Amino acid sequence: MQEFSPAMLLVLVPLLPLVGAVLTVLLGGRLASRAHLPAIAGIAAAAMVAIVLLVATARDVNPSHGAHAEPVRPVEMIATLWNWASFDQAYAPPADSPATDPRLTPQNPQAAPQALGFTIPVALRLDPLTATMLVIITCVGLLVAIYSIGYMHDDPGYPRFFALVAMFVFSMSMLVAASNFLLVYVFWEAVGACSYLLIGFWFAKPQAARAAKKAFLVNRVGDFGLAIAVFLLWMSYGTLDFHDTISPQGVIMPGILGQTRLVDAAGYVLPDAAGFAGGTIGTAICLLLLLAACGKSAQLPLHVWLPDAMEGPTPASALIHAATMVTAGIYLIVRSAPLFAACPGALVMVSIVGATTALVAALIGTVQNDLKRVLAYSTISQLGYMFASLGTGTMLGFTAAIFHLLTHACFKALLFLGAGSVMHGMGGVIDMRRFGGLRRVMPITATTFLVGSLALAGVAPFAGFFSKDEILAALHAKAWPIAHGDHHAALSTATGTLHAASFTPHGLETGSGLGLDSLNRPEIWQLLFWMSLVTAGLTAFYTFRAVFMTFTGPTRIPEAAGHHAHESPPAMTIPLVILAVASTVVGWLLFSTNWLAHFLSATPSLTATAVAATATPHAFHMDLAIKGTLAAAIGVVVAAIGHLGQRSDGPQLERFLGPLQALFAHKFFFDQIYTAIIVRPIEAFAMVAAFIDRFIIDGAVDAIGRIPATLGGIVRRGQSGLLQRYALAGVMGVLAIVVLLAWQLRG
Amino acid sequence: MNAAQSLPMLQNALTVGAILFSLGLVGILARRNLIVMFLAAEMMLQGISVSLVAWSRYHGDWGGQVLVIFVLTVAACEAAVALVFVLQAFARTGRLDAAAWQSLREANLVRTVDHELPSIDTLPPRYPTLAPAGVLPPTDENEPLQREHV
């Protein structure tokens, strides 16, 4: 009997919400106003299992204390459920591809490229990254589900909502637990489908239906990138598994992110990024993965769907479009860290995309008047922050991104739920100019929203301060490597392309990575750093602009709210309070103990040499903290000058922006540009196609269909119903045959 | 070669068969009384049977005659079934006229009607009489004994 493994418990995390969703679907109509019970029970149980798993995984990570701490060992557990697909000898990879690295198949040292099988096991993995993500997903999911009891009550689609939320939690847990790129792709699509269904939850509303369609179509672009990336990965590595497997012949089959590829048999870490595709193919894979991440995480240029997605119910926005699903892109890149580490050019692109998105979204956010839209742009901006951090390719960058992901999940879910509470009390009105001074009407919502805003703005000691500080530190270290005493990084950024070539001894090609490697220069990183710092100031400004407009000034309540504008019920305020407490303490707890960063560093992907070598001692960067706090303070002060205590429908600061105001208010004209260059041509083409289909193809089919009818019309006149005529026709027929035969026999 | 296998014998028999067949064919095409049409069809069958027997004799092969026995058997069964249909048709309409059954024609065609009705026999029908034995069954004066003549 095998020893009990936490990996077995892992199956329960996706399974329980799935059971909840199925039960809700089956019993939804009968449960009526208690339709939330199966879903909430399933998610709550999954959350408990996830916490147990987190503790179990943390026990396996070797401690880092002491001066002679050994390198962190990778921690990973695999639970293979069944084989989804299995073909022998599907593909013979090229001799020089990483799939046939002879070091990785010790029993066939001189083996010619052998035909590899195509096997897709349904395997779940448990490692620090997965455990962290599972806890975030299930805990935020649970709080949002509880909140929804209050928010969604007496909605006709009540059971449907909870079935979808539980389904989403299932899909998302599978996405982060899958140990195979194909399974990741499957659940990547599944969360997209759940997102589509929840955005279009009120499908009778045309804007909601349109927003759902837009989200789905924009996501297709990213999904397409992921599909191509998966194809390329299989061509390059001959497998899609993350983990190593042992073939029936006893040969170790290295997975893409398996420990064989990361650490050699003797336990020594392989030099550099050996065994990972670099060059053109590697860079192409990374850029396609980045495209996929951009679609799901709403990064430039695929960010346009997220603001529109706010048409969905607010709890769904909080869960899917703020805390969890949109972080799938971050997860994907962290998981693929060794692939990116082999392609410095792709890494720079990640940072450039991220920092640009962060800045652009923050600028747009400053002039939005819809409370939920402000938060949507803020989410895009914060996700851009995480991307900027990931692009540094250092241990600090990766752990900081996940750290920010965690704190962001807390405070952004809090802010969204707070906005939902405002919307609930205001009778569905969410335009900030139509209400004001709500702190007197909704004290709990106002207080928790303020806590969330402080965390988002990065004010010490709230959660966002610490995670943002880490991200700035990661960028700073990349921009001014010498100042950080990081000579390795200094060399890598200074020599640029040379270093890129040395990173890929087993790459399919040692090309220049599509010419992107030349972007990996300190000046670029310095620019990205300053962009991030400006974004921090803008974040503080738009956040507090929203706070001041909504909660201060003379109390005004829109007519839609009627006379019963009120604080929300306990089912809604309790999750708010829990999240507010988390937003306050989680940053300090995790930063001061450095627990999360150390825990995450045991993720197999992050033990890859190219990443692990960049690990730096945990430190608090006073200079950066001062800069970040200063930026936040400026933002808050400007917001206070413009909006504190003012009527929210009065003149705004944006009147000083001049022509820029129009640019920001129109969201940099992204939608208009896409309409002009993509939507219109496709619509025109669709009209032509529809014309051809309706009149040419259908016309031809109809014409052929009319032939038998016409012929039949001629013959049917003979159908007189008179027996004698039928008999005569028979006799004539026989006579004709006889005459014909006689004619033939004559000759 | 005996007389039965001579060519003139065959010719004569085939001629009889052909005449029978043609008479039956004309009967089928010309008559509208269902029973007469049925009799005519039987006549065509017998014409064929005669030629089968003739060929069988001519070749000295019994197969043809065996086939004729089968034909007779099947014709007997068929007669029973066909007469049931005719009786049922008569019970529906009270007529044995095949032209009464035109409902299977195309919907947009007009019904074929007779421009000149067949002359109706005005003489009272004569029924076969039974030899007087036992009691005469009671008769109802109101029930018509014979329906419209075809």
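Two residues are taken to be in contact if their C-beta atoms, placed from the backbone, lie within 7 Å. On this basis, in the predicted model described here, residues 24 or more positions apart account for 55% of the contacts in chain B with a separation of 6 or more. Chain B holds 3 helices and 0 strands, its elements running α-α-α from the N terminus on, and buried residues make up 10% of its 150 residues.

Chain A is divided into domain 1, which comprises 6–63 + 124–665, and domain 2, which comprises 673–746. The centres of these two domains of chain A, taken over C-alpha atoms, are separated by 60 Å.

Packing of two helices was examined for another part of chain A. Two packed helices are described by the angle between their axes and the distance between the axes. For helix 4 (residues 128–151) and helix 16 (residues 395–425) of chain A, the angle is about 5° and the axes lie 11 Å apart. Because angles under 35 degrees count as roughly parallel, helix 4 of chain A is roughly parallel to helix 16 of chain A. Helix 4 of chain A contributes A:T132, A:I136, A:V140, A:L143, A:V144, A:Y147 and A:Y151 to the contact, while helix 16 of chain A contributes A:I402, A:L406, A:A409, A:A413, A:L417, A:G420 and A:H424.

Two individual residues of chain A were also considered. A:I634 lies in helix 25 (residues 622–643) of chain A, and because 15 C-beta neighbours are found inside 10 Å, A:I634 counts as partly exposed. Although A:I634 and A:G537 are 97 residues apart in sequence, their C-alpha atoms are 6.5 Å apart in space. A:D60 is found in helix 3 (residues 36–60) of chain A, and with 15 C-beta neighbours inside 10 Å, A:D60 likewise counts as partly exposed. The C-alpha atoms of A:D60 and A:R73, which are 13 residues apart along the chain, are separated by 9.2 Å.

Notes
Residues numbered from 1 in each chain as written. Chains lettered and ligands numbered in written order. Predicted model: local features only at pLDDT ≥ 70, side-chain atom pairs only at ≥ 80, totals over all residues. Helix = DSSP H or I, 4+ residues; strand = E, 2+ residues; numbered from the N terminus. Buried ≥ 20, exposed ≤ 12 C-beta atoms within 10 Å, placed from the backbone. Domains from an automatic or database assignment. Axes fitted to C-alpha atoms, helices over the stretch in contact; angles between N-to-C directions. Parallel < 35°, antiparallel > 145°, perpendicular 65-115°, else oblique.
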